[in-house]
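Student: I would like to learn how to read this structure. Please show it to me, and then we can go through its features.

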Amino acid sequence: MLKKEFMLELNGIIGTIHTYTRNPFMVGYTKELKRAVEGNDYEMMQIVLDKVIDWYNQEMDKIVTDDFVINKSYHEKAYGILRAYRSELQTV
């Protein structure tokens, strides 16, 4: 996945996360992720992506089984995009 494609998806990913949680750590991570992407800070991108992916690793089962979460497919898409871009950064 190219950086430009990731940037195109980033606001949707952030919005999806924020509809599910107001966890101050996640809010901070998503803001920092956007700054890191815009500033071409690849080291920070890797750090923050790891934190957001770890959060999704812990929350995904809850998200997909919660009857009150109506945008489950958006979370699955966001999680997939985050993992794909993180994987891409490892090859850079």
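Student: Is E32 buried, partly exposed or exposed?

Tutor: Buried means under 20% relative accessible area, exposed over 50%, and partly exposed in between, with a 1.4 Å probe and protein chains only. E32 has 24% relative accessibility, so the residue counts as partly exposed. Keep in mind that this is a predicted model, in which local features need pLDDT of at least 70 and side-chain atom pairs count only at pLDDT 80 or more, while totals for chains, interfaces and linings use all residues. Residues are numbered from 1 along each chain as its sequence is written, and side-chain values use heavy atoms, with hydrogens and water left out.

Student: Which residue forms a salt bridge with E32?

Tutor: Side chains of opposite charge can pair when their charged atoms come close. The term salt bridge is used for a side-chain nitrogen of Lys or Arg within 4 Å of a carboxyl oxygen of Asp or Glu. Here the partner of E32 is R35, with the closest N and O atoms 3.0 Å apart. Both belong to helix α2 (residues 24-38), and because they are 3 residues apart, about one helical turn separates them.

Student: How many salt bridges are there by this rule?

Tutor: The count is 3. Another one joins R86 and D50, at 2.7 Å from N to O. Since R86 is in helix α4 (residues 72-90) and D50 in helix α3 (residues 42-65), this pair ties together parts that are 36 residues apart in sequence. R86 is buried, at 13% relative accessible area, whereas D50 is partly exposed, at 33%.

Student: What is the N to O distance between E59 and K62?

Tutor: Their side chains meet in a salt bridge at 3.4 Å. Both residues lie in helix α3, 3 residues apart, about one turn of the helix. E59 counts as buried at 14% relative accessibility, and K62 as partly exposed at 47%.

Student: How many helices and strands does the protein chain have?

Tutor: Helices (H or I, at least four residues) and strands (E, at least two) are DSSP runs, numbered from the N terminus. The protein chain has 4 helices and 0 strands, in the pattern α-α-α-α along the sequence.

Student: What percentage of the residues count as buried?

Tutor: Of the 92 residues of the protein chain, the buried ones make up 37%. As for overall dimensions, the C-alpha atoms fill a box of roughly 40 × 25 × 20 Å along the principal axes.
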